[in-house]
Amino acid sequence: MKYGHFDDARREYVIETPATPLPWINYLGNEDFFSLISNTAGGYSFYKDAKLRRITRYRYNGVPADEGARSFYLTLMEPDDGAEPAADAALRPAASWSPTFLPLKTPLDSYECRHGMGYSVFRASYAGIDSELTAFVPLHTPAEINKLTLTNTTDAEKIVDATACVEWCLWNAVDDASNFQRNLSTGEVEIEQSDEATLIYHKTEFKERRNHYAFYSVNEPTVGYDTVRDEFLGKFNGWDSPQVIAEGRAHDSVAYGWSPIAAPRVRVRLMPGQSASLVFMLGYIEVADDEKWEDPDDPAKVGIINKRPAHALFARFDTVEKVDAALDELNGYWASLLDGFQVRTGDEKLDRMVNIWNQYQCMVTFNLSRSASYYESGMGRGMGFRDSNQDLLGFVHMIPERARGRIIDIASTQLPDGSAWHQYQPLTKQGNADIGGGFNDDPLWLVASVFAYLNETGDDSILRTPAQFDNKEGSEQPLLEHLRRSVRFTMTHRGPHGLPLIGRADWNDCLNLNCFSSTPGESFQTVKNNDTGIAESVFIAGMFVLYGEQYAQILERFGEACGMDGDAVRAEVADMREAIAQVREATLDAGWDGAWFRRAYDANGNPVGTSEDTEGRIYIEPQGMCVMAGIGVDDGRAAQALASTKKLLTCRWGTAILAPAYSTYRIELGEISSYPRGYKENGGIFCHNNPWISIANALIGNDDEAFAVYTRTCPAYTEEFSQIHRTEPYVYCQMVAGPESHAPGEGKNSWLTGTAAWTFVDVSQYLLGVRPTFDGLLLDPHMPADFTELHIERAWRGTRYIIDVTRTGAPSLTVDGKAVTGNVVPIADPGTKEVHVALTI
């Protein structure tokens, strides 16, 4: 069952009912200010950091779900019997509804939600009134704009009151949800009401340690407002039945503590066929400490906030024309970003994912890592070291200059010994001590992101750029030194079999081999790590072989340009490759189980992911990573491992993380065995690592299976099963319930997942086969045989490469009409706008 459809021409997904299986959301914002918005306008907003600068309140466990974030109420006002229509005091509410369905839940005559690139549009009709609500965050702007247009489709005059409401969060999302003894006394607001507009300011804690406030405004005169939530809702009422909406009038309430809101009410008179538009704005303002007050020298104005920056921001969007221009600019921005990689393959599902939605999701994960979604509350994780490095693989081609900044940010949180804080807060850039470090795969992901950046840009100056360790002033070292410490950490942390030690965990944070937790409610990730130097990871071994070689190639290519002499470069490369060879041999020896790669060795020295066990016999991660690293390719073991993966782990919904699932808690394995069978890490389908299996199959020439792996988890190919899948049919989710679960195929944790980046790497660089290298674009498609023609346009290093691939059975390559040996398109001369490439395969 479908709940909507793709509109590829407009780059939108059109949702045709508010009753989707789960809230289907979109992300607004590209730089510092972000909003989540669902298909019924739920969600929340924050500035930079979803924990420390939360602007609007959201209840994750609210019942019903997804209410109270941004609420719109339309009320048809009619005169009392015998009263004149022009007499406002004599008007009474005749009907009320929400243009987004929630929160009032009045059945609408029509409903449509269009999620586009950085904006969402809600269209509805009720009682002869058409409404269109457009929500977006303009470029370079700390504000969300909501443009509401009302149209009278009847042959009589209509009076409609439009009330918009947001509930303020008291800045720190964790404290806001817990410290009630303080928070219920601290809420403060200011109100500016004029003949042209109303602005309601949230200034809680501004007079003390904060230099920021928020405001909510409307660009038309109001007939009232409310800032006290309890006054607005009334006793015993929820967001679906506010007292002021039932009464048909605002109370002009002013909040002093308790729960402040902003709810301006505007009266709109519409003649037959007439339309009118209102612009609501949620804005965020920061001011210098010496500019906080309107007039610090006037005793009568002490405590009145400096509203000049808010007035300036409001004035940028105080007309429909200005708002429409900002939306056009946003659309142009996304068109330009997505234009960097475009394809025509003859498969509309593949095209829409590559051209639109996969790249869009990659940009969202760049902005937010895993910090704020409908599954990540934004209250703790911040940015992940591992996550953010992997995310970069999917967006570096769109915004290489911002990718450069992200790499330096990530490297600056690295610890001096080469290990890393597992997470850091985006506002402070400080490591998250709550989760700590010791996840031994983390350091190697920095090599992966830097290698991808260098291949994309050729900008070796990043290797010479100083970056701090642990954000400590005076600890700066060139980025190349950070890479050296990353690989050295793995080289010096190996266990009894010569495999890398797993530490607290590797990529799979729930495989806790040094944990041994028996206390209910104890965090598996933060409990004391009982690392005795025995538990090893075959997965990290594959990573080290793959990314250690990338580090060696960086040294060979750029080492001398970074100040190393030739002998030092050669010595370090030799040392690196010797260690790689040792780990490769250990993987083929202790890491091979006979028909697949083992997963690990536990703290007792016993193998994990082995045929010797009755459960958890085979895991997906080492099958993908080890083959991607080339381990076992030349002796058939890679092919055997992938055949086992298909036979033992793969179903119609994708490839499960392990099988058989664990039926009992295994204290030596940790959290992975705590989940019910078939869910999450215990036999669920982790979409994140399915691309590794697709890439691995492509590398050994299993093209049909490589593409099949891609389609099994691809949203566009599973859209018709939305009733089963439940999550959005336009973006990837992290996990799909596996074949041993109660509900196979059910998705969870959509949007913020490394699946987005890795799938784009898979489809763009391996299936479609356009892979940037230091020396040119490597063309090596691995599509099934029924794809006979491909058209690919790829912007790279300032030049647009227009590539036509034709399946003829006779390989050849021409570049601008000239034959080229091999399958690498050389780097174009500076200033070249286009290069035309013809590849036959």
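Ten strands line up as an open, antiparallel sheet in the order β1-β2-β9-β10-β11-β12-β19-β16-β15-β14, where strands are DSSP runs (E, at least two residues) and helices are runs of H or I (at least four), numbered from the N terminus, and two strands pair if DSSP finds at least two bridges between them. The edges are β1 (4-7) and β14 (189-193), each pairing on one side only. On average, neighbouring strands here are turned by 15° against each other, direction ignored. At the β14 end, β14 meets β15 (residues 198-202) in the antiparallel sense over five bridges; Glu 192 has Leu 199 of β15 as its bridge partner.

This is a predicted model, so local features need pLDDT of at least 70 and side-chain atom pairs count only at pLDDT 80 or more, while totals for chains, interfaces and linings use all residues. Residues are numbered from 1 along each chain as its sequence is written, and side-chain values use heavy atoms, with hydrogens and water left out.

Then there is Trp 258, in the loop between α4 (243-247) and β18 (260-270). With a relative accessible area of 55%, Trp 258 is exposed (over 50%; buried is under 20%, partly exposed in between, with a 1.4 Å probe and protein chains only).

As for cysteines, the disulfide count comes to zero, taking a disulfide as a pair of cysteine sulfur atoms within 2.5 Å. Cys 733 is in no disulfide, and the nearest cysteine sulfur, from Cys 687, is 4.5 Å away. Cys 733 is buried at 3% relative accessible area, whereas Cys 562 is partly exposed at 22%.

Methods
Axes are lines fitted to C-alpha atoms, for helices over the stretch in contact, and angles run from 0 to 180 degrees between N-to-C directions.
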